[in-house]
Amino acid sequence: MAYHSVKTIDDLRFKDDGLSTVTSEDQEKVEKTVTKNYSAFLKVADLDPEVPLFRQKHVHYLKRGLHHLSEAYECLDASRPWLCYWILHGLELLNEPITPEESFHTADFLRRCQDPLGGFSGGPRQLPHLAPTYAAVCALCILGTKESFDVIDRPKLKSFLYSCRTPEGAFIMHRDGEVDIRGAYCAVVAAYLTNVMTPDLFDGTAEWIAKCQTYEGGFSGEPGLEAHGGYTFCGYAALILLGKHYLIDNKKLLRWVTSRQMRLEGGFQGRTNKLVDGCYSFWQGGIFPLIHSVLSASENANSLSNEHWMFDQVALQDYLLINCQLHQGGLIDKPGKSRDFYHTCYCLSGLSVAQHFVTNHHVNLNIIGGKENMLAPLHPVFNIGTQCAAHAVDYYRKLPNV
């Protein structure tokens, strides 16, 4: 019963058909907590019907993390460019500027994460890896200064991407590492943004990604596994950038991703029969602008809405604003969980997608809680701000080919 739903709890709750399982019991527990939160807001709706975004508290939480992390973050020592990206992207969505000093120090740190042979590692003097390479490239593009753009050694980045490529067109995450669809996405984004793409670098990549689409319609990490929201976004976004979305069954994908929005909670689950999770607000929600752009160029264009994406944008905003915000700042997976920069980033990303319907011909805002809740729009393929993406692409397109 998302806050604005006209349906009853009984209409929306999970039905176990009289067969209780561990999964169904966990689902019922989440629904009970979420229902309690929605009911509490409904009780005061006459006094204050608007649902607030705790903007300044989120800004404070993110800014503090940009300057100092406690020893509890030691477990993320191999993910430090990710921390930079999650924090910077959260701040840009909240329209919070980065000071020149913050920009300089962040870019300088990411410079020290760049491997002498190309690509970025999870921290200084660690092994170069495609995941932090994506994060570092995106973070430097968010900073958007000449100094940050020039941190990236493009010839060596291109060499690193080639070293991760397999003969069939897939990508290993790092030297002697695993192959999965994340690697393809990270490689394509890093190459596209920095203008080091070549046909032979991604020869066969789209065809390999297409093999990862499952019978359900989503994408798995590699061929033959279960469809998953994060892998689905990575695979489909990579196909969009490669211009080969036609290799997969787009209608089956649409059916699968629309089925991942939870009826009562309003948020998205990552896989069939799993619990809602705030991060999938983007990993699933971010697919809708992509598939809308594909279908709008097809024979199905006339059946598409010119006002909203093909999911319940209001219900998703209800879930994020009422169930995923902490009053002290930061956003979470679901009620009862702890805050972290990862979920703060992707909850805000999903909230931005839900607020902004943007196509080549039309812009429509649907903002729960009033205009003071409005976030900056993002580019759904890269998950960085639209202006930052355009600025980066323009900067690197003017540089000589490598």
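Contact is taken here to mean heavy atoms within 4.5 Å, and helices (H or I, at least four residues) and strands (E, at least two) are DSSP runs numbered from the N terminus. The structure is a predicted model, in which local features need pLDDT of at least 70 and side-chain atom pairs count only at pLDDT 80 or more, while totals for chains, interfaces and linings use all residues. Residues are numbered from 1 along each chain as its sequence is written, and side-chain values use heavy atoms, with hydrogens and water left out.

In the pairing of helix H5 (residues 100–112) with helix H6 (residues 130–143), Ser103, Thr106, Ala107 and Leu110 of H5 meet Ala136, Ala139, Leu140 and Leu143 of H6. By class, this contact has six nonpolar, two polar and no charged residues, where Ala, Val, Leu, Ile, Met, Phe, Trp, Tyr, Cys and Pro count as nonpolar, Asp, Glu, Lys and Arg as charged, and the others, Gly among them, as polar. The axes of H5 and H6, which are lines fitted to C-alpha atoms over the stretch in contact, with angles running from 0 to 180 degrees between N-to-C directions, come within 10 Å and cross at roughly 155°. That makes H5 roughly antiparallel to H6, given that angles under 35 degrees count as roughly parallel, over 145 as roughly antiparallel, 65 to 115 as roughly perpendicular and the rest as oblique. The crossing of H5 and H6 is left-handed, a term used if the near helix is turned anticlockwise from the far one by less than a right angle, with right-handed used if clockwise.

Helix H15 (residues 313–323) takes part in two further pairings. With helix H2 (residues 22–43), the axis of H15 comes within 10 Å and crosses at roughly 90°, and H2 and H15 are therefore roughly perpendicular to each other. In this pairing, Val34, Asn37, Tyr38 and Phe41 of H2 meet Ala315, Asp318, Tyr319, Ile322 and Asn323 of H15, a contact with six nonpolar, two polar and one charged residues. H15 and H16 pack at an angle of about 150°, with their axes 9 Å apart; they are therefore roughly antiparallel to each other, and their crossing is left-handed.

Helix H16 (341–355) also contributes to the largest pocket, whose lining receives two or more residues from each of H16, helix H14 (287–296), strand E1 (356–358) and strand E3 (378–379). A pocket is defined, on a 1 Å grid over the protein atoms alone, as an open set of points where a 1.4 Å probe fits, with protein on both sides within 12 Å along at least five of seven lines, and lining residues have an atom within 4 Å of a point. The largest pocket has a volume of about 720 Å³, counted as the space filled by probe spheres set on grid points joined across faces, edges and corners. Its lining comprises 26 residues, of which Ser293, Trp309, Val358, Thr359 and Asn360 lie nearest its centre, and it divides into 13 nonpolar, 13 polar and no charged residues.

The second largest pocket holds about 480 Å³ of space and is lined by 20 residues, with Gly65, Leu66, Leu69, Arg80 and Phe109 nearest its centre. H5 gives the most to this lining, with five residues, and the lining as a whole divides into eight nonpolar, six polar and six charged residues.
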